[in-house]
Amino acid sequence: MQNDRFDAIPIPKELDSAVKAGIQEGIRQQKYLKKKKSMLRYSLIAAAALIFICAGVFLVSNPSLAAKLPLIGHIFSRVQEKVSYKGDFDDNAEVYVEDHTTAQEANMEQSPKGSAQKQAGETQNSGYVQTSNGLTITVSEANCSPQALYLALCIENEEDFPADFIKTKNMDGYIPDYDSMYLKTISYYDVPGLEKKDRMPETGKLSPYFIEGEFIDSRTFTGIIRVSLDEDLMSSGHAVNLEEAQTDDDIIWVDKVEKLPKQFTYYLEISDIYAELLEYEEVQASDADGDEITIQEALEKHYEGTWNFAIDVNMNEEGKQVVTVNKTNSSGIGISSVEKTDFEIKAELILPEGAKNYDYVVVICDAEGKQLDSQGVNAEEYSVYGRKTDTVHIYVCDYIQYMDELKGDEQKIAEGALFAADVDF
(Lines give C-alpha, C1' and ligand atoms only; values in the text may rest on other atoms or scores of the structure.)
Protein backbone atom coordinates (compact mmCIF):
# COMPACT_ATOMS: atom_id res chain seq x y z
CA MET A 1 0.00 0.00 0.00
CA GLN A 2 1.16 3.52 0.33
CA ASN A 3 4.22 4.17 2.41
CA ASP A 4 2.40 5.71 5.34
CA ARG A 5 -1.13 4.54 6.09
CA PHE A 6 -1.02 4.72 9.86
CA ASP A 7 -2.94 7.42 11.71
CA ALA A 8 -0.72 10.09 13.22
CA ILE A 9 -1.48 10.64 16.90
CA PRO A 10 -2.60 14.26 17.34
CA ILE A 11 -0.09 16.26 19.39
CA PRO A 12 -1.76 19.21 21.20
CA LYS A 13 -0.41 22.54 20.02
CA GLU A 14 0.23 23.78 23.51
CA LEU A 15 2.96 21.20 24.15
CA ASP A 16 6.47 22.64 24.09
CA SER A 17 8.82 21.62 21.29
CA ALA A 18 11.04 19.43 23.47
CA VAL A 19 8.13 17.27 24.57
CA LYS A 20 6.86 17.05 21.00
CA ALA A 21 10.24 15.90 19.74
CA GLY A 22 10.47 13.18 22.37
CA ILE A 23 7.05 11.73 21.85
CA GLN A 24 7.25 11.95 18.06
CA GLU A 25 10.46 9.93 18.15
CA GLY A 26 8.56 7.29 20.11
CA ILE A 27 5.74 7.39 17.62
CA ARG A 28 8.20 6.88 14.76
CA GLN A 29 9.54 3.78 16.47
CA GLN A 30 6.01 2.42 16.88
CA LYS A 31 5.16 3.17 13.25
CA TYR A 32 8.26 1.22 12.17
CA LEU A 33 7.10 -1.81 14.11
CA LYS A 34 3.57 -1.48 12.72
CA LYS A 35 4.92 -1.28 9.20
CA LYS A 36 6.83 -4.51 9.75
CA LYS A 37 3.65 -6.05 11.04
CA SER A 38 1.71 -4.97 7.97
CA MET A 39 4.01 -7.17 5.84
CA LEU A 40 1.85 -10.01 7.12
CA ARG A 41 -1.14 -8.45 5.41
CA TYR A 42 0.71 -7.91 2.13
CA SER A 43 1.67 -11.56 1.82
CA LEU A 44 -1.89 -12.72 2.44
CA ILE A 45 -3.39 -10.27 -0.05
CA ALA A 46 -0.83 -11.12 -2.71
CA ALA A 47 -1.66 -14.80 -2.42
CA ALA A 48 -5.38 -14.16 -2.66
CA ALA A 49 -4.96 -11.79 -5.60
CA LEU A 50 -3.43 -14.54 -7.76
CA ILE A 51 -6.80 -16.29 -7.71
CA PHE A 52 -8.65 -13.25 -9.06
CA ILE A 53 -6.13 -11.74 -11.48
CA CYS A 54 -8.22 -12.51 -14.55
CA ALA A 55 -11.38 -10.95 -13.09
CA GLY A 56 -9.45 -7.81 -12.09
CA VAL A 57 -9.10 -6.52 -15.65
CA PHE A 58 -12.48 -7.64 -17.01
CA LEU A 59 -14.30 -4.31 -17.02
CA VAL A 60 -11.15 -2.34 -17.85
CA SER A 61 -10.58 -4.48 -20.94
CA ASN A 62 -14.28 -4.25 -21.87
CA PRO A 63 -15.07 -0.52 -21.48
CA SER A 64 -18.00 -0.61 -23.88
CA LEU A 65 -19.71 -3.30 -21.81
CA ALA A 66 -18.92 -1.50 -18.55
CA ALA A 67 -20.39 1.73 -19.88
CA LYS A 68 -23.77 0.05 -20.34
CA LEU A 69 -24.01 -1.06 -16.71
CA PRO A 70 -25.44 1.18 -13.96
CA LEU A 71 -22.63 3.16 -12.37
CA ILE A 72 -23.52 5.79 -9.79
CA GLY A 73 -25.33 4.14 -6.90
CA HIS A 74 -24.01 0.68 -7.78
CA ILE A 75 -20.28 0.98 -7.16
CA PHE A 76 -20.24 -1.44 -4.23
CA SER A 77 -21.71 -4.24 -6.33
CA ARG A 78 -19.16 -3.59 -9.09
CA VAL A 79 -15.93 -3.59 -7.10
CA GLN A 80 -16.55 -5.06 -3.61
CA GLU A 81 -15.06 -8.43 -4.59
CA LYS A 82 -11.96 -6.91 -6.17
CA VAL A 83 -10.52 -4.63 -3.47
CA SER A 84 -8.27 -5.99 -0.75
CA TYR A 85 -10.95 -5.31 1.92
CA LYS A 86 -13.80 -7.37 0.49
CA GLY A 87 -17.40 -7.58 1.70
CA ASP A 88 -21.05 -7.60 0.71
CA PHE A 89 -21.20 -3.84 1.11
CA ASP A 90 -24.11 -3.49 -1.31
CA ASP A 91 -26.35 -5.29 1.21
CA ASN A 92 -28.21 -2.63 3.22
CA ALA A 93 -25.99 0.09 1.78
CA GLU A 94 -26.99 3.73 2.14
CA VAL A 95 -27.21 5.27 -1.34
CA TYR A 96 -26.58 9.01 -1.53
CA VAL A 97 -26.59 9.43 -5.31
CA GLU A 98 -28.41 7.05 -7.63
CA ASP A 99 -28.39 8.20 -11.21
CA HIS A 100 -27.43 6.37 -14.38
CA THR A 101 -26.02 9.57 -15.81
CA THR A 102 -22.44 10.45 -15.03
CA ALA A 103 -21.67 12.77 -12.15
CA GLN A 104 -20.41 15.41 -14.58
CA GLU A 105 -23.75 15.35 -16.40
CA ALA A 106 -25.51 15.60 -13.03
CA ASN A 107 -23.48 18.69 -12.19
CA MET A 108 -24.33 20.25 -15.54
CA GLU A 109 -28.05 19.67 -14.90
CA GLN A 110 -27.77 21.36 -11.49
CA SER A 111 -25.92 24.40 -12.84
CA PRO A 112 -27.85 27.70 -13.11
CA LYS A 113 -29.13 28.73 -16.54
CA GLY A 114 -26.40 30.20 -18.64
CA SER A 115 -23.60 28.41 -16.77
CA ALA A 116 -23.79 24.97 -18.30
CA GLN A 117 -20.08 25.05 -19.15
CA LYS A 118 -17.80 25.23 -16.09
CA GLN A 119 -14.70 27.33 -16.28
CA ALA A 120 -11.33 25.59 -15.99
CA GLY A 121 -10.19 25.30 -12.38
CA GLU A 122 -13.62 26.21 -11.00
CA THR A 123 -14.82 24.35 -7.90
CA GLN A 124 -18.46 23.30 -7.98
CA ASN A 125 -20.15 21.81 -4.91
CA SER A 126 -23.46 19.96 -4.91
CA GLY A 127 -23.65 17.82 -1.78
CA TYR A 128 -22.30 14.40 -2.58
CA VAL A 129 -21.14 15.41 -6.08
CA GLN A 130 -18.28 17.93 -6.27
CA THR A 131 -16.04 19.16 -9.08
CA SER A 132 -12.69 20.90 -8.76
CA ASN A 133 -9.97 21.48 -11.35
CA GLY A 134 -11.50 19.09 -13.86
CA LEU A 135 -12.12 16.17 -11.48
CA THR A 136 -15.62 15.27 -10.31
CA ILE A 137 -15.92 13.12 -7.19
CA THR A 138 -19.21 11.47 -6.27
CA VAL A 139 -19.73 9.88 -2.85
CA SER A 140 -22.18 7.30 -4.08
CA GLU A 141 -22.83 4.86 -1.23
CA ALA A 142 -21.83 3.99 2.33
CA ASN A 143 -21.98 0.98 4.61
CA CYS A 144 -20.87 1.32 8.20
CA SER A 145 -20.12 -1.43 10.70
CA PRO A 146 -19.05 -0.75 14.30
CA GLN A 147 -15.44 -1.34 13.18
CA ALA A 148 -15.20 0.45 9.84
CA LEU A 149 -16.92 2.82 7.44
CA TYR A 150 -16.88 1.86 3.77
CA LEU A 151 -17.44 4.61 1.18
CA ALA A 152 -18.02 4.08 -2.55
CA LEU A 153 -16.65 6.85 -4.75
CA CYS A 154 -16.62 7.66 -8.43
CA ILE A 155 -13.77 9.87 -9.69
CA GLU A 156 -14.26 11.31 -13.18
CA ASN A 157 -11.63 13.25 -15.10
CA GLU A 158 -12.35 15.68 -17.94
CA GLU A 159 -9.20 14.30 -19.57
CA ASP A 160 -7.68 10.83 -19.69
CA PHE A 161 -5.88 9.61 -16.60
CA PRO A 162 -2.31 8.51 -17.35
CA ALA A 163 -2.25 4.94 -18.68
CA ASP A 164 0.31 4.21 -15.94
CA PHE A 165 -2.49 4.59 -13.37
CA ILE A 166 -4.18 1.47 -14.77
CA LYS A 167 -1.58 -0.98 -13.55
CA THR A 168 -3.90 -3.99 -13.79
CA LYS A 169 -3.76 -3.52 -17.54
CA ASN A 170 -0.45 -1.81 -18.28
CA MET A 171 2.10 -3.02 -15.70
CA ASP A 172 3.82 -6.35 -16.28
CA GLY A 173 3.88 -8.58 -13.20
CA TYR A 174 1.31 -6.53 -11.31
CA ILE A 175 -0.41 -8.98 -8.92
CA PRO A 176 -3.47 -7.31 -7.31
CA ASP A 177 -6.70 -7.40 -9.27
CA TYR A 178 -7.50 -3.79 -8.39
CA ASP A 179 -5.96 -0.38 -8.99
CA SER A 180 -5.26 2.22 -6.32
CA MET A 181 -4.98 5.95 -6.04
CA TYR A 182 -3.57 7.81 -3.07
CA LEU A 183 -5.33 10.62 -1.23
CA LYS A 184 -4.32 13.62 0.82
CA THR A 185 -7.16 14.19 3.25
CA ILE A 186 -8.38 15.70 6.46
CA SER A 187 -11.14 13.63 8.06
CA TYR A 188 -13.12 14.26 11.23
CA TYR A 189 -16.48 13.76 12.90
CA ASP A 190 -19.25 15.75 14.56
CA VAL A 191 -18.30 14.00 17.81
CA PRO A 192 -16.40 15.64 20.71
CA GLY A 193 -12.84 14.34 20.71
CA LEU A 194 -12.93 13.62 16.97
CA GLU A 195 -13.69 17.09 15.65
CA LYS A 196 -11.43 18.89 13.18
CA LYS A 197 -9.37 20.56 15.88
CA ASP A 198 -8.68 17.14 17.39
CA ARG A 199 -7.65 15.60 14.05
CA MET A 200 -5.01 18.08 12.90
CA PRO A 201 -1.58 16.58 13.61
CA GLU A 202 1.58 18.67 13.83
CA THR A 203 3.29 16.19 11.50
CA GLY A 204 2.30 13.31 9.28
CA LYS A 205 -0.92 12.66 7.38
CA LEU A 206 -4.47 11.78 8.24
CA SER A 207 -6.32 8.75 6.99
CA PRO A 208 -7.85 7.75 4.65
CA TYR A 209 -4.71 7.60 2.53
CA PHE A 210 -5.91 5.67 -0.49
CA ILE A 211 -8.79 4.25 -2.50
CA GLU A 212 -8.92 0.86 -4.20
CA GLY A 213 -11.08 -0.08 -7.18
CA GLU A 214 -11.12 -0.19 -10.97
CA PHE A 215 -11.00 2.06 -14.00
CA ILE A 216 -14.26 1.80 -15.93
CA ASP A 217 -12.52 3.64 -18.76
CA SER A 218 -9.57 5.98 -19.16
CA ARG A 219 -11.44 8.84 -17.48
CA THR A 220 -13.52 7.10 -14.81
CA PHE A 221 -12.36 5.37 -11.63
CA THR A 222 -14.74 3.68 -9.19
CA GLY A 223 -13.51 2.48 -5.84
CA ILE A 224 -14.01 1.95 -2.13
CA ILE A 225 -12.41 3.75 0.79
CA ARG A 226 -12.17 1.92 4.11
CA VAL A 227 -12.15 4.17 7.18
CA SER A 228 -11.02 2.35 10.31
CA LEU A 229 -13.29 3.59 13.09
CA ASP A 230 -11.21 1.64 15.58
CA GLU A 231 -8.06 3.53 14.59
CA ASP A 232 -9.83 6.88 14.73
CA LEU A 233 -11.27 6.14 18.17
CA MET A 234 -7.80 5.16 19.39
CA SER A 235 -6.48 8.57 18.28
CA SER A 236 -9.19 10.51 20.11
CA GLY A 237 -8.81 12.36 23.40
CA HIS A 238 -5.87 14.31 24.77
CA ALA A 239 -2.41 13.05 25.71
CA VAL A 240 -0.90 13.67 29.14
CA ASN A 241 2.24 12.60 31.03
CA LEU A 242 4.36 12.49 27.89
CA GLU A 243 7.74 13.07 29.48
CA GLU A 244 8.43 9.38 30.12
CA ALA A 245 6.70 8.03 26.99
CA GLN A 246 8.85 5.89 24.71
CA THR A 247 6.16 4.67 22.32
CA ASP A 248 2.54 5.60 21.66
CA ASP A 249 1.49 2.68 23.89
CA ASP A 250 3.01 4.59 26.82
CA ILE A 251 0.84 7.65 26.28
CA ILE A 252 -1.95 8.17 28.77
CA TRP A 253 -5.10 9.47 27.11
CA VAL A 254 -7.96 11.27 28.78
CA ASP A 255 -11.45 12.08 27.55
CA LYS A 256 -11.20 9.40 24.89
CA VAL A 257 -14.17 8.58 22.71
CA GLU A 258 -15.22 5.05 23.65
CA LYS A 259 -17.65 4.54 20.77
CA LEU A 260 -19.38 6.43 18.01
CA PRO A 261 -23.13 7.06 18.05
CA LYS A 262 -25.31 5.14 15.63
CA GLN A 263 -25.80 8.31 13.60
CA PHE A 264 -22.98 10.75 12.95
CA THR A 265 -21.53 13.01 10.28
CA TYR A 266 -18.19 12.07 8.76
CA TYR A 267 -16.33 14.96 7.16
CA LEU A 268 -13.94 14.08 4.36
CA GLU A 269 -11.86 16.88 2.87
CA ILE A 270 -9.74 15.77 -0.09
CA SER A 271 -7.03 18.11 -1.40
CA ASP A 272 -4.95 15.80 -3.61
CA ILE A 273 -5.48 12.63 -5.63
CA TYR A 274 -2.42 10.97 -7.11
CA ALA A 275 -0.75 7.76 -8.22
CA GLU A 276 2.68 6.55 -9.23
CA LEU A 277 3.78 6.51 -12.85
CA LEU A 278 5.83 3.77 -14.45
CA GLU A 279 8.72 6.23 -14.70
CA TYR A 280 11.57 6.55 -12.22
CA GLU A 281 14.25 8.97 -11.21
CA GLU A 282 17.44 8.40 -9.27
CA VAL A 283 17.50 9.94 -5.80
CA GLN A 284 20.09 9.88 -3.06
CA ALA A 285 19.26 8.31 0.29
CA SER A 286 20.99 6.92 3.36
CA ASP A 287 20.95 3.26 4.34
CA ALA A 288 20.75 1.89 7.91
CA ASP A 289 24.49 2.46 8.36
CA GLY A 290 24.31 6.05 7.21
CA ASP A 291 25.99 5.41 3.86
CA GLU A 292 24.77 7.28 0.79
CA ILE A 293 22.98 5.09 -1.75
CA THR A 294 21.15 5.71 -5.03
CA ILE A 295 17.62 4.39 -5.36
CA GLN A 296 15.01 4.43 -8.11
CA GLU A 297 11.94 6.42 -7.04
CA ALA A 298 8.69 6.39 -8.98
CA LEU A 299 7.40 9.68 -10.35
CA GLU A 300 3.86 10.72 -9.40
CA LYS A 301 1.01 12.50 -11.14
CA HIS A 302 -1.04 14.72 -8.81
CA TYR A 303 -4.51 16.22 -9.14
CA GLU A 304 -4.91 18.95 -6.55
CA GLY A 305 -8.25 20.53 -5.76
CA THR A 306 -10.92 21.04 -3.12
CA TRP A 307 -13.50 18.33 -2.50
CA ASN A 308 -15.17 18.68 0.91
CA PHE A 309 -17.92 16.25 1.88
CA ALA A 310 -20.20 16.09 4.93
CA ILE A 311 -21.43 12.50 4.89
CA ASP A 312 -24.41 11.47 7.02
CA VAL A 313 -23.70 7.97 8.33
CA ASN A 314 -26.03 5.42 9.91
CA MET A 315 -24.10 2.66 11.65
CA ASN A 316 -25.49 -0.85 11.22
CA GLU A 317 -25.00 -2.79 14.46
CA GLU A 318 -27.36 -5.67 13.64
CA GLY A 319 -24.53 -7.93 12.50
CA LYS A 320 -22.32 -7.23 15.50
CA GLN A 321 -21.53 -10.20 17.76
CA VAL A 322 -19.23 -10.15 20.79
CA VAL A 323 -18.03 -13.25 22.63
CA THR A 324 -16.32 -12.83 25.99
CA VAL A 325 -13.30 -15.09 26.47
CA ASN A 326 -11.24 -13.66 29.36
CA LYS A 327 -8.66 -16.44 29.37
CA THR A 328 -4.87 -16.30 29.59
CA ASN A 329 -1.91 -18.65 29.79
CA SER A 330 0.31 -18.91 32.85
CA SER A 331 2.24 -15.83 31.71
CA GLY A 332 -0.85 -13.63 31.54
CA ILE A 333 -1.13 -13.65 27.73
CA GLY A 334 -4.56 -14.26 26.31
CA ILE A 335 -7.76 -12.88 24.79
CA SER A 336 -10.45 -10.83 26.53
CA SER A 337 -13.12 -10.83 23.80
CA VAL A 338 -13.78 -11.39 20.12
CA GLU A 339 -15.94 -9.04 18.05
CA LYS A 340 -17.39 -9.96 14.65
CA THR A 341 -19.41 -7.79 12.28
CA ASP A 342 -20.82 -8.51 8.83
CA PHE A 343 -17.43 -7.66 7.32
CA GLU A 344 -14.60 -8.20 9.82
CA ILE A 345 -13.50 -9.88 13.02
CA LYS A 346 -10.95 -8.92 15.67
CA ALA A 347 -9.77 -10.16 19.07
CA GLU A 348 -8.70 -8.05 22.04
CA LEU A 349 -5.37 -9.00 23.60
CA ILE A 350 -4.70 -9.48 27.28
CA LEU A 351 -1.06 -8.88 28.16
CA PRO A 352 0.89 -8.81 31.42
CA GLU A 353 2.02 -5.47 32.78
CA GLY A 354 4.88 -3.99 30.77
CA ALA A 355 4.28 -6.08 27.63
CA LYS A 356 3.73 -4.30 24.30
CA ASN A 357 1.08 -5.14 21.72
CA TYR A 358 3.52 -4.98 18.83
CA ASP A 359 5.54 -7.88 20.27
CA TYR A 360 2.66 -10.25 19.52
CA VAL A 361 0.55 -11.34 16.56
CA VAL A 362 -3.09 -12.33 16.90
CA VAL A 363 -4.00 -14.90 14.24
CA ILE A 364 -7.61 -15.84 13.51
CA CYS A 365 -8.46 -18.94 11.46
CA ASP A 366 -11.85 -19.94 10.10
CA ALA A 367 -13.83 -23.05 11.05
CA GLU A 368 -11.68 -25.12 8.69
CA GLY A 369 -8.46 -23.92 10.27
CA LYS A 370 -7.44 -21.64 7.40
CA GLN A 371 -6.04 -18.25 8.28
CA LEU A 372 -8.34 -15.33 7.47
CA ASP A 373 -7.18 -12.47 5.24
CA SER A 374 -6.49 -9.09 6.78
CA GLN A 375 -9.22 -6.50 6.27
CA GLY A 376 -7.65 -3.25 7.43
CA VAL A 377 -4.26 -1.57 7.62
CA ASN A 378 -3.89 -3.35 10.93
CA ALA A 379 -2.95 -6.94 10.02
CA GLU A 380 -5.00 -8.24 12.95
CA GLU A 381 -8.39 -7.03 11.66
CA TYR A 382 -9.56 -9.96 9.58
CA SER A 383 -12.09 -10.33 6.78
CA VAL A 384 -15.00 -12.77 7.12
CA TYR A 385 -15.93 -12.46 3.45
CA GLY A 386 -16.65 -15.85 1.83
CA ARG A 387 -15.42 -17.77 4.87
CA LYS A 388 -17.13 -19.97 7.45
CA THR A 389 -16.73 -18.17 10.77
CA ASP A 390 -19.42 -19.63 13.00
CA THR A 391 -16.42 -21.09 14.81
CA VAL A 392 -13.01 -19.44 14.73
CA HIS A 393 -9.65 -20.53 16.09
CA ILE A 394 -7.61 -17.75 17.70
CA TYR A 395 -3.88 -17.85 18.39
CA VAL A 396 -1.54 -15.39 20.05
CA CYS A 397 2.03 -15.74 18.77
CA ASP A 398 5.33 -14.07 19.49
CA TYR A 399 5.91 -11.62 16.63
CA ILE A 400 9.55 -12.55 15.96
CA GLN A 401 8.78 -16.27 16.09
CA TYR A 402 5.83 -15.77 13.77
CA MET A 403 7.93 -13.96 11.16
CA ASP A 404 11.00 -16.21 11.44
CA GLU A 405 9.53 -19.66 12.05
CA LEU A 406 5.76 -19.91 11.80
CA LYS A 407 5.49 -17.82 8.61
CA GLY A 408 1.75 -18.13 8.14
CA ASP A 409 1.71 -21.93 8.30
CA GLU A 410 -1.53 -22.87 10.10
CA GLN A 411 -0.16 -26.08 11.59
CA LYS A 412 2.99 -24.39 12.86
CA ILE A 413 0.90 -21.55 14.26
CA ALA A 414 -1.33 -23.96 16.18
CA GLU A 415 1.70 -25.78 17.58
CA GLY A 416 3.82 -22.70 18.35
CA ALA A 417 1.18 -20.31 19.67
CA LEU A 418 1.63 -18.87 23.16
CA PHE A 419 -2.13 -18.96 23.64
CA ALA A 420 -5.02 -20.57 21.76
CA ALA A 421 -8.81 -20.50 22.04
CA ASP A 422 -11.78 -21.65 20.00
CA VAL A 423 -14.73 -19.27 19.85
CA ASP A 424 -18.26 -20.06 18.69
CA PHE A 425 -20.72 -17.44 17.43
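1. A search of the whole structure, which is a predicted model, finds zero disulfides, a disulfide being a pair of cysteine sulfur atoms within 2.5 Å. Local features need pLDDT of at least 70, side-chain atom pairs count only at pLDDT 80 or more, and totals for chains, interfaces and linings use all residues. Residues are numbered from 1 along each chain as its sequence is written, and side-chain values use heavy atoms, with hydrogens and water left out.

2. For Cys365, the closest cysteine sulfur is that of Cys397, and because the two sulfurs lie 8.9 Å apart, they are too far from each other for a bond. Cys365 is buried, at a relative accessible area of 1%, where buried means under 20%, exposed over 50% and partly exposed in between (1.4 Å probe, protein chains only). Cys154 is likewise buried, at 0% relative accessibility.

3. Ile364 belongs to strand β16, residues 360-365, strands being DSSP runs of E of at least two residues and helices runs of H or I of at least four, numbered from the N terminus. With a relative accessibility of 0%, Ile364 counts as buried. Its C-alpha lies 9.9 Å from that of Glu410, although 46 residues separate Ile364 and Glu410 in sequence.

4. Asp88 sits in the loop between α4 (75-79) and β1 (94-95), and is partly exposed at 36% relative accessibility.
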